[in-house]
Amino acid sequence: MRYITFALLALIGLVNAELWFGKGGVPRVMELQAKLAEQKATNEAARARNAQMDAEVRDLKEGLEMVEEKARSELGMVKPNEIFVQVTK
């Protein structure tokens, strides 16, 4: 009877050790949770960037004001009969 008790205790200890230190143990789960949180943050930043770009594309498709603003700010374009004055600081 004594041997059976020790054998069962050893098996319980082995299962418990596998839970804490094994391949799918607690440290691995914590590592995966950290990676998941990091990936969720990255995904959220990408969603925000995509939403901003989507809004910009819609503005470009719908209104000429956005096209004109882009042409003036990024390309330095001016309308006919306009004078362009550049002030440097």
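**Close-up views of a predicted helical model**

**View 1. E31 pairs with R28 in a salt bridge whose closest N and O atoms are 3.5 Å apart.** A salt bridge is counted here when a side-chain nitrogen of Lys or Arg lies within 4 Å of a carboxyl oxygen of Asp or Glu. The model is predicted, so that local features need pLDDT of at least 70 and side-chain atom pairs count only at pLDDT 80 or more, whereas totals for chains, interfaces and linings use all residues. Residues are numbered from 1 along each chain as its sequence is written, and side-chain values use heavy atoms, with hydrogens and water left out. E31 and R28 are separated by about one helical turn because they stand 3 residues apart in helix α2, which covers residues 26-62; helices (H or I, at least four residues) and strands (E, at least two) are DSSP runs, numbered from the N terminus. E31 counts as partly exposed because its relative accessibility is 38%, and R28 falls into this class at 36%, where buried means under 20% relative accessible area, exposed means over 50%, and partly exposed lies in between (1.4 Å probe, protein chains only).

**View 2. A salt bridge also joins the side chains of E31 and K35, at 3.6 Å from N to O.** Both residues belong to helix α2, where they are 4 residues apart, about one turn of the helix. With a relative accessible area of 48%, K35 is partly exposed.

**View 3. D54 and R58 form a salt bridge with their closest N and O atoms 3.0 Å apart.** These two residues also lie in helix α2, 4 residues apart, about one turn of the helix. D54 is partly exposed at 40% relative accessibility, as is R58 at 42%. A search of the whole structure finds 4 salt bridges.

**View 4. M1, I4, L8, L11 and L14 make up a nonpolar surface patch with about 590 Å² of accessible area together.** Patches consist of residues with over 30% relative accessible area and no salt bridge, like charges being joined within 9 Å and nonpolar side chains (Val, Leu, Ile, Met, Phe, Trp, Tyr) within 5 Å. Accessible areas come from the Shrake-Rupley method with a 1.4 Å probe, and for residues only the protein chains shown count as cover. L8 is located in helix α1, residues 2-21, and its 48% relative accessibility makes it partly exposed. A7 is likewise placed in helix α1 and is partly exposed, with a relative accessible area of 40%. The C-alpha atom of A7 is separated by 29 Å from that of V29, which is 22 residues away along the chain.

**View 5. V67 sits in helix α3, which covers residues 64-75.** Its relative accessible area of 36% makes V67 partly exposed. From V67 to V87 the C-alpha to C-alpha distance is 23 Å, for a sequence separation of 20 residues.

View 6. The C-alpha trace spans about 105 × 35 × 10 Å along its principal axes. The radius of gyration is 32 Å, whereas a compact globule of 89 residues would have one near 12 Å; this radius is taken over C-alpha atoms, and the globule rule is 2.2 Å times the number of residues to the power 0.38. Buried residues make up 4% of the 89 residues.
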